[in-house]
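Dear colleague,

Please find below the structure that I am handing over to you. A summary of the findings follows it.

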Amino acid sequence: MRTARPGDAEAILAVKQAAIAELSASAYTRQQIEAWTPDDDALTEYRNATETDGFQILVACDDEQVVGYGVLNAESDRIEALFVHPHRARSGIGTRLLGQLESSALLIGCRALTVVSSRNATEFYELHGYTRVETRSREIDGIELEFIVLSKQLTS
């Protein structure tokens, strides 16, 4: 695991695209998945995010290949994203990324974290001590998607 660099943006985007396409099929329709999956035009946004101090972005690598990533927005006490490539799902990468993001949040003074989770990832967060707060809908390209807001009190 390491801090993301601007050169990781393409790999981070690819992980998110693959994870949404392959791991969300049980929770969302094809139309919802297509709306939610970022296209390659988002690459500049991802590159910019790796260069800002507003986010802590960690990548999990297998050799030099990015196989997962997580994003902490400490200013908002929120995990913005946590995705693992489908070929590496359920191998502990997500758990390690989540643990590192939580540790980083604690170090900078966060006492609680929230995450807006996809329906298919909600159980993962619940297994790690997060509790459901509410269901939230979001419209992307005219398509409505449902997400679950969860929170967790952090302890040192």
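Why is strand S7 (residues 143-153) largely enclosed by the rest of the structure? Eight of its eleven residues are buried, so the rest of the structure largely encloses S7. Buried here means under 20% relative accessible area, exposed means over 50%, and partly exposed lies in between (1.4 Å probe, protein chains only). Helices (H or I, at least four residues) and strands (E, at least two) are DSSP runs, numbered from the N terminus.

Two remarks on the source are needed. The model is predicted: local features need pLDDT of at least 70, side-chain atom pairs count only at pLDDT 80 or more, and totals for chains, interfaces and linings use all residues. Residues are numbered from 1 along each chain as its sequence is written, and side-chain values use heavy atoms, with hydrogens and water left out.

The sheet

S7 belongs to an open sheet of seven strands with mixed pairing, in the order S1-S2-S3-S4-S5-S7-S6. Its edge strands are S1 (2-3) and S6, each of which pairs on one side only. Two strands are taken to pair if DSSP finds at least two bridges between them. Strands of a sheet pair through backbone hydrogen bonds, either parallel or antiparallel.

S7 runs antiparallel to strand S5 (residues 112-118), to which seven bridges join it; Ser-117 stands opposite Ile-148 there. Strand S6 (residues 131-140) is also antiparallel to S7, with nine bridges between them, and Thr-131 faces Ser-151 of S7. Elsewhere in the sheet, strand S3 (residues 65-73) and strand S4 (residues 78-84) pair in the antiparallel sense over six bridges, with Ile-79 in S4 as the bridge partner of Leu-72.

Helix H4 (residues 93-107) lies across S2, S3, S4, S5 and S7 and runs at about 30° to S3. Contact means heavy atoms within 4.5 Å. Axes are lines fitted to C-alpha atoms, for helices over the stretch in contact, and angles run from 0 to 180 degrees between N-to-C directions.

Which residues touch the most other members of the largest nonpolar core? They are Ile-12, Tyr-28, Trp-36, Tyr-46, Tyr-69, Phe-83 and Leu-145, in a core of 26 residues. A nonpolar core is a set of buried Ala, Val, Leu, Ile, Met, Phe, Trp, Tyr and Cys residues joined through side-chain atoms within 4.5 Å. Two or more residues of this core come from each of helix H1 (9-23), helix H2 (30-36), helix H3 (43-51), S2, S3, S4 and S7. H1 gives the most, with six residues. A second, separate core has 20 residues, including Leu-72, Leu-82, Ile-93 and Leu-97. In soluble globular proteins, nonpolar side chains tend to be buried together.

Individual residues

Leu-58 is found in strand S2 (residues 56-62) and is buried, at 5% relative accessibility. Leaving aside neighbours within four places in sequence, its contacts include Met-1, Tyr-69 and Leu-97.

Asp-8, in the loop between S1 and H1, is likewise buried, with a relative accessible area of 8%. Its side chain makes a polar contact with the side chain of Arg-2 (2.7 Å). A polar contact is a pair of N or O atoms within 3.5 Å; within protein, one must be able to donate a hydrogen and the other to accept it, and residues adjacent in sequence count only if both atoms are side-chain atoms. Not counting residues up to four places away in sequence, Asp-8 touches Arg-2, Thr-3, Val-59 and Val-66.

Lys-152 has its place in strand S7 and is buried, with a relative accessible area of 17%. Its side chain reaches the backbone oxygen of His-128 at 2.7 Å.

Most residues other than glycine have a negative phi, and most peptide bonds are trans. Asp-77 has a positive phi, near 55°; Asp-77 lies in the loop between S3 and S4 and is partly exposed, at 31% relative accessibility. Asp-141 takes a positive phi near 50° in the hairpin of S6 and S7, which has two residues between the strands, and Asp-141 is exposed, at 70% relative accessibility.

With kind regards
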